[in-house]
Amino acid sequence: HVQLVESGGGLVQAGGSLRLSCAASGRTVSRLIMGWFRQAPGKEREFVAAINWSDDSTSYTDSVKGRFTISRENAENTVYLRMNSLKPEDTAVYYCAADPGFFIVTRATSWSYWGQGTQVTVSS
């Protein structure tokens, strides 16, 4: 059993920054691919970023490249998403996800474990 708990969401002005955290329990994240998705009202759940346990390689959706950074602290079973230069279009519920696979995939239904989500709201 894997439990994921997100934190760090909130309200921020455009151009500001937030750091989301995802604490994993039940098993170490050292052998889990970890990622972040987001979902805005009326939209499908969208892949944001992921990090692979095997080599710490990362993947980002084009709209956040250069602004968001995903990182992992294996000793603490925690994954972070640092979000800089936030834009109103980044507003969404952000979900932490995990999967015991070997390769990063962007389809949400391919991921095994999910957190409850944390709201990020970016105002103009």
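**Disulfide, strands and a buried leucine**

Analyst: Cys96 has 0% relative accessibility, so Cys96 counts as buried; buried means under 20% relative accessible area, exposed over 50%, partly exposed in between (1.4 Å probe, protein chains only). The model is predicted: local features need pLDDT of at least 70, side-chain atom pairs count only at pLDDT 80 or more, and totals for chains, interfaces and linings use all residues. Residues are numbered from 1 along each chain as its sequence is written, and side-chain values use heavy atoms, without hydrogens and water.

User: Which cysteine forms a disulfide with Cys22?

Analyst: A disulfide is a pair of cysteine sulfur atoms within 2.5 Å. The whole structure holds 1 disulfide. Its sulfur atoms are 2.0 Å apart, and the partner of Cys22 is Cys96.

User: How many residues apart in sequence are the parts that the pair Cys22 and Cys96 ties together?

Analyst: Strands (E, at least two residues) and helices (H or I, at least four) are DSSP runs, numbered from the N terminus. Cys22 lies in strand β3 (residues 18-25) and Cys96 in strand β9 (residues 92-99), so the parts tied together are apart in sequence by 74 residues.

User: Is the disulfide of Cys22 and Cys96 left-handed or right-handed?

Analyst: Look at the torsion about the S-S bond. For Cys22 and Cys96 this torsion is about -80°, so the disulfide is left-handed.

User: Which residue in β8 stands opposite Arg19?

Analyst: Two strands pair if DSSP finds at least two bridges between them. β3 and β8 pair in the antiparallel sense, over 6 bridges. In β8, the residue opposite Arg19 is Arg82.

User: How many bridges join strand β1 to β3?

Analyst: β1 covers residues 3-7 and runs antiparallel to β3. Leu4 stands opposite Ala24 in β3. The number of bridges joining β1 to β3 is 5.

User: Which residues form the uncovered face of strand β7?

Analyst: In a regular strand the side chains alternate between the two faces of the sheet. Strand β7 (residues 68-73) has Phe68, Ile70 and Arg72 on its covered face. β7 also pairs with β8, antiparallel, over 6 bridges. The uncovered face of β7 is Thr69, Ser71 and Glu73.

User: Is Leu81 buried or exposed?

Analyst: Leu81 is found in strand β8 (residues 78-83). Contact means heavy atoms within 4.5 Å. Not counting residues up to four places away in sequence, Leu81 touches residues including Trp36, Val48, Phe68 and Tyr94. At 0% relative accessibility, Leu81 counts as buried.
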